[in-house]
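Subject: Handover of a structure and the findings from it

Dear colleague,

Please find below the structure that I am handing over to you. My notes on it follow, and I would ask you to read them with the model open beside you.

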Amino acid sequence: VQLQAFGGGLVQTGGSLRLSCAASGRPFGSYAIGWFRQAPGKEREFVAHINWSGSRTSHADSVDGRFTISRDNAKNTVYLQMNSLKPEDTAVYYCAVDHTPWGTGWQRKAPADFGSWGQGTQVTVSS
């Protein structure tokens, strides 16, 4: 499966954006998906995770209550709704397929447990 993230842009502090992660290739509905972000000079960090059906989600503490991950398997798309954005949310955002045996990548939150990384989308939050 190939993934592509889009929907980023420039927004002011307190604003909102919705990122999309579109899948092509193999059937999408059997995969757990993660969102990560990477700011300049920093390591890639976990943002959110959703299981194959959408019944279970996990969010990083730094975005919990502000960001929401969801999915629409009929549209082969995972979303990341980002509200109350802060300058520290500025980063390139990536989506990726959870490659752990049971879709439990949310436990370690490690980029090494994910693959099929899509091209990222830049999010810039101005102060």
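A residue is called buried when its relative accessible area is under 20%, exposed when that area is over 50%, and partly exposed in between. Arg-37 has a relative accessibility of 6%, so Arg-37 counts as buried. Please bear in mind throughout that this is a predicted model.

Salt bridges

Glu-45 is partly exposed, with a relative accessible area of 35%. Arg-37 also meets the side chain of Asp-89 in a salt bridge, at 2.9 Å from N to O. Where do these two residues lie in the chain? Asp-89 belongs to the loop between strand 8 (77-82) and strand 9, while Arg-37 belongs to strand 4, so the pair ties together parts that are 52 residues apart in sequence. Asp-89 counts as buried, at 1% relative accessibility.

The structure has four salt bridges in total. Another of them brings together the side chains of Arg-108 and Asp-113, at 2.9 Å from N to O. Here Arg-108 is exposed, with a relative accessible area of 58%, whereas Asp-113 counts as buried at 15%. Through salt bridges that share partners, Arg-37, Glu-45, Arg-66 and Asp-89 are joined into one network.

A buried arginine without a salt bridge

Arg-71, in strand 7 (residues 67-72), presents another case. Arg-71 is buried but has no salt bridge. Which side chain of opposite charge is nearest to Arg-71? It is that of Asp-72, which is 8.2 Å away. A salt bridge requires a side-chain nitrogen of Lys or Arg within 4 Å of a carboxyl oxygen of Asp or Glu. The side chain of Arg-71 does reach backbone oxygen atoms: that of Asn-51 at 2.7 Å, and that of Trp-52, which lies 3.4 Å from a polar atom of the arginine side chain.

The disulfide

The count of disulfides comes to one. A disulfide is a covalent bond between the sulfur atoms of two cysteines. In this model the bond joins Cys-21 to Cys-95, with a distance of 2.2 Å from S to S. The link between Cys-21 and Cys-95 is right-handed, with 80° about the S-S bond. Cys-21 lies in strand 3 (residues 17-24) and Cys-95 in strand 9 (residues 91-98), so this pair ties together parts that are 74 residues apart in sequence. Are the two cysteines buried or exposed? Cys-21 is buried, with a relative accessible area of 0%, and Cys-95 is buried, also with a value of 0%.

The aromatic residues

How many aromatic pairs does the structure hold? There are four.

Phe-114 is in strand 10 (residues 114-115), 78 residues apart from Phe-36 in strand 4. Phe-114 is buried, as is Phe-36.

One aromatic cluster is formed by Phe-36, Phe-46, Tyr-94, Phe-114 and Trp-117. Within this group, Tyr-94 lies in strand 9 and is buried, with a relative accessible area of 16%. Tyr-94 and Gly-118 are 24 residues apart in sequence, but their C-alpha atoms are 6.2 Å apart in space.

Finally, please look at Arg-44. This residue lies over the face of Tyr-94, at 3.9 Å from the ring centre. Arg-44 lies over the face of Trp-117 too, at 4.7 Å from the ring centre.

With kind regards

Terms used
Residues numbered from 1 in each chain as written. Predicted model: local features only at pLDDT ≥ 70, side-chain atom pairs only at ≥ 80, totals over all residues. Heavy atoms only, no water. Disulfide = S-S within 2.5 Å. Helix = DSSP H or I, 4+ residues; strand = E, 2+ residues; numbered from the N terminus. Buried < 20%, exposed > 50% of the residue type's maximum accessible area, 1.4 Å probe, protein only. Phe/Tyr/Trp six-rings, centres within 6.5 Å; stacked < 30°, edge-to-face > 60°. Lys NZ or Arg CZ within 6 Å of the ring centre and 35° of its normal. Lys, Arg positive; Asp, Glu negative; His and termini not counted. Polar contact = N/O pair within 3.5 Å; in protein donor to acceptor, adjacent residues only side chain to side chain.
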